[in-house]
Amino acid sequence: MEMDTIAAIATPMGEGSIAVIRVSGSQSIEIVDKIYRGKHKLSTVDTHTIHYGKIIDPETDEVIEEVLVSVMKAPKTFTREDVVEVSCHGGLMSVQRVLELILNAGARLAEPGEFTKRAFLNGRIDLAQAEAVMDFIRSKTDRAMKVAFSQVEGKLSRLIRALRQHLLEAMAHIEVTLDYPEHDVEAVTHNFLLGKCEEVQSEIHRLLQTAKQGKILREGLSTAIVGKPNVGKSSLLNSLVQEEKAIVTDVAGTTRDVIEEYVNVRGVPLHLIDTAGIRETEDIVEKIGVEKSRRILQQADLVLLVLNYNEPLTSEDYAIFEAVQGLNVIVIVNKTDLPQHLDLDEVKKHFPQQPLVMTSAKQETGIDQLEEAIAHIFFTGRAGQEDLTYVSNARHIHLLRQAEQTVQDAIRGIEEQMPIDMVQIDIKRAWELLGEVIGESAGEDLLDQIFSQFCLGK
Ligand code: GDP
């Protein structure tokens, strides 16, 4: 497939010490050569080498930038095309000048996601991997990044391919029995198909069970911190934030506000919902009423309920208890450095099943246990934390659910001794649905839609 040469700024817009312009396509070396002056012409250098030089405006001979140029020839590149990356170290203005010169020299401005799309079209990565590139860019914690990266590397894709292989074998077996019915040993076919389908079904089921964790890694565990004024909510939050230094990765297009909404607890991103409101309101429960506060709290995957060890329970506490009933609550008893006035048995009576953590934000005790309790909520039911095949993408989850249902239909068909060509239809459908996850049967519209969500330059 012959495609034109595209270029875009690949690093986030804004102030930075370097910015990279990526050029991909069969003309990329020739195009950059037109505006590059260095020791060697780029067309003569070895592949995968870096060169110092200057970018000049060929019309005026004016020097625009001092640059390092990486030359990477096909096929061992991200797009499998010739790729040139120009690292500029001036400000945004000069980077844009360099990009303009590259465009004038014959490249076309890339559409969002077009580099990744080419990697996909040229067969270097499949669709699930391409989508993982986007997750990787947007990931909020190290752990989310690792998961995305394992998908970029193709972990999910390999699993999907293995499942499709099972279904393919089942289909082949059916073809043979249909073509040579005289060879069919019914019991053998029955067991073979059932075995294949059940294996596929249980694997899909297992994958779907990771969807909740996957979603949390992508979007954060929405968390509300509630409690009376002055019980230490802000102090606890600060302790959690201090525990880890790098809160999130810097993501193009996100503001500081958004970034600061995330607190990374042992790799689990907590997305703090409306905590500002809850913290600043004198008494959220009385002011806006139990109903409204409950509605806010309903959005929470996790509620951190903070109580004061140094004070008896009041009607405000009871109102909050009522508002958080039935939610996923961790009870935090703070200020344990002060004398006890809180009736702990009474608290436990209201929250018999929920974890209770004793802390002192002042002396920084109990923070570890709090983190442990939060991480436990995330990892319940998951043994190996390093097993990184999570599904998190809504499109994948939707397809996997449909595939699971279809395989289930096939299993029922086999068990009820339905005609084998009817079972064949379900198995083929499941095989197609799984194919859509990795883009093997994806239409052009879907591809455009997926790739248009990417950042420019990716
Ligand atoms: P918030 O209104 O619930 O957010 O409470 P703050 O975090 O603002 O804390 C209220 C006051 O309690 C501040 O003066 C804190 O320094 C103090 N405080 C918070 N946690 C503790 C603690 O564990 N022990 C003691 N002795 N004081 C605390």
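The shell around the ligand divides into 4 nonpolar, 6 polar and 5 charged residues; Ala, Val, Leu, Ile, Met, Phe, Trp, Tyr, Cys and Pro count as nonpolar, Asp, Glu, Lys and Arg as charged, and the others, Gly among them, as polar. The model is predicted: local features need pLDDT of at least 70 and side-chain atom pairs pLDDT 80 or more, while totals for chains, interfaces and linings use all residues. Residues are numbered from 1 along each chain as its sequence is written, and side-chain values use heavy atoms, without hydrogens and water.

In total, 15 residues surround the ligand, with N230, K233, S234, S235 and D337 the closest (near: a heavy atom within 4 Å). Helix α9, residues 233-243, contributes the most to this shell, with 3 residues (helices are DSSP runs of H or I, at least four residues; strands are runs of E, at least two; both are numbered from the N terminus).

| Protein atom | Ligand atom | Distance |
|---|---|---|
| V231, backbone N or O | oxygen | 3.3 Å |
| S234, polar side-chain atom | oxygen | 2.6 Å |
| N334, polar side-chain atom | nitrogen | 3.1 Å |

Of the 570 Å² of accessible area that the ligand has on its own, the protein covers 72% (Shrake-Rupley method, 1.4 Å probe).

I50, Y52 and L68 make a nonpolar surface patch of about 310 Å² (residues with over 30% relative accessible area and no salt bridge, nonpolar side chains joined within 5 Å; a salt bridge is a side-chain nitrogen of Lys or Arg within 4 Å of a carboxyl oxygen of Asp or Glu). L68 belongs to strand β5, residues 63-72. L68 counts as partly exposed because its relative accessibility is 41%, between the limits of under 20% for buried and over 50% for exposed.

Terms used: Polar contact = N/O pair within 3.5 Å; in protein donor to acceptor, adjacent residues only side chain to side chain. Patch = residues over 30% accessible without salt bridge, like charges linked within 9 Å, V, L, I, M, F, W, Y side chains within 5 Å. Buried < 20%, exposed > 50% of the residue type's maximum accessible area, 1.4 Å probe, protein only.
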